Amino acid sequence: MEKGKGIMGSGRRWAVHFSDNSTAPSSRDIPDPPGFARASVDQDDSTVSRQKKDAESNWKSQKAWEVAQAPFKNLLMMGFMMWMAGNTVHLFSIGITFSALWQPISALQGVGKVFEPYKDNKVDLLGPKLLFIALNLGGLALGVWKLNTLGLLPTHASDWVSSLPPAQEVEYSGGGIPL
Amino acid sequence: MAIRSFLILFILFFFSSLNPILSLYEDQVGLVDWHQQYLGKVKQAVFHTHKTGRKRVVVSTEENVVALLDLRQGEIFWRHVLGSNDVIDGIDIALGKYVITLSSGGSILRAWNLPDGQMVWESSLRGPKHSKSLLLVPTNLKIEKDNIVIIFSNGRLNAVSCIDGEVLWEKDFEGESLEVQQVIQPPGSNLIYVVGFASSSLFEMYQINALNGELLKHESAAFSGGFLGEVSPVFSETVVALDSTGLILLTVSFQNGISFQQTPISNLVKDSFGPAKIIPSSVTGIFAIKMNAVTIVIRVTDENKLEVVEKTNHETSISDALPVSEGQQAFALVQRAGPEIHLRVKLAHNWDDNLLKESVKMDQHRGLVHKIYINNYIRTDKSYGFRALIVMEDHSLLLLQQGEIVWSREDGLASIIDVTTSELPVERDGVSVAKVEHNLFEWLKGHMLKLKGTLMLASPQDIAAIQSMRLKNSEKSKMTRDHNGFRKLLIVLTRAGKLFALHTGDGHIVWSYLLQSLQKSKVCQHPIGLNLYKWQVPHHHAMDENPSVLVIGKCGPSSDAPGALSFVDTYTGKELSSLSLVHSVAQVIPLPYTDSTEQRLHLLIDADKHAHLYPKTPEAISIFERELSNIYWYSVEDDNGIIKGHALRGKCTGEVADEVCFDTRELWSIVFPSESEKIIATVTRKLNEVVHTQAKVIADQEVMYKYISRNLLFVATVALKGSGEIGSVTPEESWLVAYLIDTVTGRILHRVTHHGSQGPVHAVFSENWVVYHYFNLKAHRYEMSVIEIYDQSRADNKDVWKLVLGKHNLTSPISLYSRPDVITKSQSYFFTHSVKTIAVTSTTKGITSKQLLIGTIGDQVLALDKRFLDPRRTVNPTQAEKEEGIIPLTDSLPIIPQSYVTHALRVEGLRGIITVPAKLESTTLVFAHGVDLFFTQLAPSRTYDSLTDDFNYALLLITIVALVAAISLTWTLSERKELQENWR
């Protein structure tokens, strides 16, 4: 680019315009090469771009749905892992559970980013987004459920009273066997 | 919350997977623990100084210890602690190789091999009646080449062979009222004189042939004045006695018939000081009498004339006679005068000349000289030198030689009455602090050695160096507070009325103070030290004040004897003030209130049931009056079998009008039927115990609420028949009843009967449980039972939302007058040992699990996890219960050899175990005392909150440095590579 600019800057000697947009074949002496159909270019610009865009947006929405469904596989995977981990508290099960909780949360935080490439005026991302969110929430729920089965959720009265100090007594009494 | 519950679960899981055994590696002995051996107040000492060999002395003490000490350093060669019911009556050395002890009221005679302390023989002596016990080892009396020992005990005279302890002959003295006072064996003769009084006015003399026990002569003579107290032999056929008024001295000669010679004391000394008392001495021709504070030394001339040789106001001690050359006897007199003690050694027949006269500087806090024993040696210039073993008022034992203290032993520490603790001063600029490490190089060297040790590269020398480094760590004996709260002062009160401060780091004595209020004085003839309380524990706003302790004593053993208070600063060891009370002290109740200078309010109840408040300040009175209606007290009258509860009523009325005196009224009483129940043990929770939580989470997330009350009393009663020795009753006649009583309302919360069981009961109360130890007659085994008490009325608090929002009344103050709804759980287990005392570990926040510390009959301290005494134990616990840490039920409690806290040591004569929380939650400090002292640190759930001492910081440091180096290296390398990539 810089080269071109430099040349252009030093003065143009000749130029070839490849973008010959003239539609009429008669405007040129040279006939169109065989097989060259000017008609295709002749088509309405807007139609072409619409078609293109349609295709693209179709593809985008398809992709978006795919992305939105991706957590489902994750969910199954997670479920399997959790089943494998068992219901006792140890390093493995805690690791699994926390990753099961962390993944949906981080995914939910990055919802905008995940669907960024598929952003389009024409594409309705609400559906995929909702599905994505729902699936991730499902994953989160799975994680929370696992946390609960491990007994790490404060859902019992015992979790709330376990460190309650003893109640003060109003009366005080002392004494014993005389010295 | 979630994190906390997770953490708790995690910790629970972590620890349930650990083995509960707490043991020590061999090289960890002495790192945090220390052990000190003592003897007690010396009662009798016998020197053993042959010309060759080591110089030694045999002592017997009031703690029933017989020991052989090295005369050079005062170290113990060997020591035997006889039981508390095996009181030593006399000791002596026979044949130059046996130590003979007479004990148990003259019924057991033992011979110990002198060099190594092994028992050679033992014989038991019986007799017709109880009497004085006297032991005599004549030097040159032989029966068929057999040296004999003469013993008078239980109304019978015995001659026992020195070789095998066989009784050669015996002679009973069954005279109805005969009280034998002295057995005299004149040296060089085969005669034994037994002198005594009969029916208070008859003087009796028996002359016995020492070779066969034949009665040669019996004479008796009446003296109308009667006799008082002891007799002192002055010559082999003359004794001195006092008449029943204590004003006339009698010289009794029984050489040719009994003749009395009366000498009124007023003839000897001008002014009379009241009734006299004879101080017996074995010195020929010399004896001493004591009248109040005046001591008079009297010489008996050949014509049985009495002659005062010395009269002094100083407390004087006279030694026994020491035979020196040519049949002469030497003896020593010792007196205290101000900061010095004066020692004089004289010959028995020559009062006017001193063989030796010395003044020795003596610490004021050792008090008066109580006893002296002398021994001679031949100096290089062939003259006689004397060494003196003296026993001081504070029960310490010292050896004096050539005007100097050669060594001293603090044997008062063998009889500790009470223990409390005090913090050390905070480290400030002004406070001198021992240097910890000399420099970085030393520090690195030390850690390199440790590293070598960890990597098993250390040579034996290195290992020895590491071990000595660990033991000599100067950090532990610093005189300032540490972060973990391991360094404290143990303040102990001994029977001698002396206060000691021991450093927990290595057990050295920081200061000692002989309390004047607990010394014999004109107003207080028999002072007794009772208890120690923390008087002032400064923290927060009163930081500049020094902490102080309150020492409570009383004059005499009666219940209405006036009390005495002393306040002692624990940093300086000086007495701040002392009070002689006009009222008696029956109970001391430390109240849970402090004034603005952090002085704790104490309530002293006298024998008339008046309450006296200390400190006597208006501020304290106003605090007290505000809380007056909530303060109660109870008294346990174990003789009558009554427990009474009292409330305070208001200021005293009547003749004792005092600002700090309060009247009390009786509220309730529990009367136990006198035939079927006798109170043998009561125990309450420790006042300073901290409980972390009121809830106990059990399997399946259920909650049980502990019934935690400061006002619970555990009482154990036994059937009157079963209150004797174990095995004296049949199982059908004996039972044991355990009660839990609320001491405010007098409500009996729980009562359980153990049929066929018997005392003694040892119990410990902590949080919401009590553990007690007794004997099961049916099973012929000792048993331990646990009772846990839970509050059922709180169990309905199950709504999580209410708990989340804090809409519950679980922590609001409660009154004991509200009707409690309690349930108890209990379980019993067999236990192999009989027990001397039980204590429980205590930590700062009460989170760490508890261990019972059991003082076994073998004088060791056994740590037993509380989990073994859990009433929820079942034979087959469910999975959830197992996770909770419940151990499958077994019929007996396991005794794991590794869990002896005292490891290979013994705390002879164990009497008490005290636990003090360190600042570090996992750790508790344990102090066991008896004749010996033992201190250690314990971590019942291991030190989960700190790194251990042998943690290798150098290794950690090296790893970190290596990692940082590796990171920076790889980073530069990757930078360079990236740059090269870019250039390509």
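Trainee: How many salt bridges does a search of the whole structure find over all chains?

Mentor: This is a predicted model, in which local features need pLDDT of at least 70 and side-chain atom pairs count only at pLDDT 80 or more, whereas totals for chains, interfaces and linings use all residues. Side-chain values use heavy atoms, with hydrogens and water left out. With a salt bridge taken as a side-chain nitrogen of Lys or Arg within 4 Å of a carboxyl oxygen of Asp or Glu, the search over all chains gives a total of 36.

Trainee: Which helices hold the two partners of the salt bridge between B:Asp462 and B:Lys452?

Mentor: The side chains of B:Asp462 and B:Lys452 meet with 3.2 Å from N to O. The pair links parts of the chain that are 10 residues apart, and helices here are DSSP runs (H or I, at least four residues; strands are E, at least two) numbered from the N terminus. B:Asp462 lies in helix H4 (residues 460–471) of chain B, and B:Lys452 in helix H3 (residues 440–454) of chain B.

Trainee: Is B:Asp462 buried or exposed?

Mentor: Buried means under 20% relative accessible area, exposed over 50%, and partly exposed in between (1.4 Å probe, protein chains only). B:Lys452, its salt-bridge partner, has a relative accessible area of 34% and is partly exposed. Because B:Asp462 has a relative accessibility of 16%, it counts as buried.

Trainee: Where in chain B do B:Glu733 and B:Lys721 lie?

Mentor: These two residues form a salt bridge whose closest N and O atoms are 3.0 Å apart. The pair ties together parts that are 12 residues apart in sequence, because both residues lie in the loop between strand S53 (712–718) and strand S54 (735–742) of chain B.

Trainee: Which residue has its backbone oxygen 3.1 Å from a polar atom of the side chain of B:His48?

Mentor: B:His48 is found in strand S2 (residues 42–48) of chain B, and its relative accessible area of 7% makes it buried. Leaving aside neighbours within four places in sequence, B:His48 is in contact (heavy atoms within 4.5 Å) with residues including B:Arg54, B:Ile93 and B:Leu114. The backbone oxygen that lies 3.1 Å from a polar atom of its side chain belongs to B:Gly96.

Trainee: What percentage of the residues in chain A are buried?

Mentor: Chain A has 7 helices and 1 strand, which follow the pattern α-α-α-α-α-α-α-β along the sequence. Of its 179 residues, the buried ones make up 28%.

Methods
Residues numbered from 1 in each chain as written. Chains lettered and ligands numbered in written order. Polar contact = N/O pair within 3.5 Å; in protein donor to acceptor, adjacent residues only side chain to side chain.
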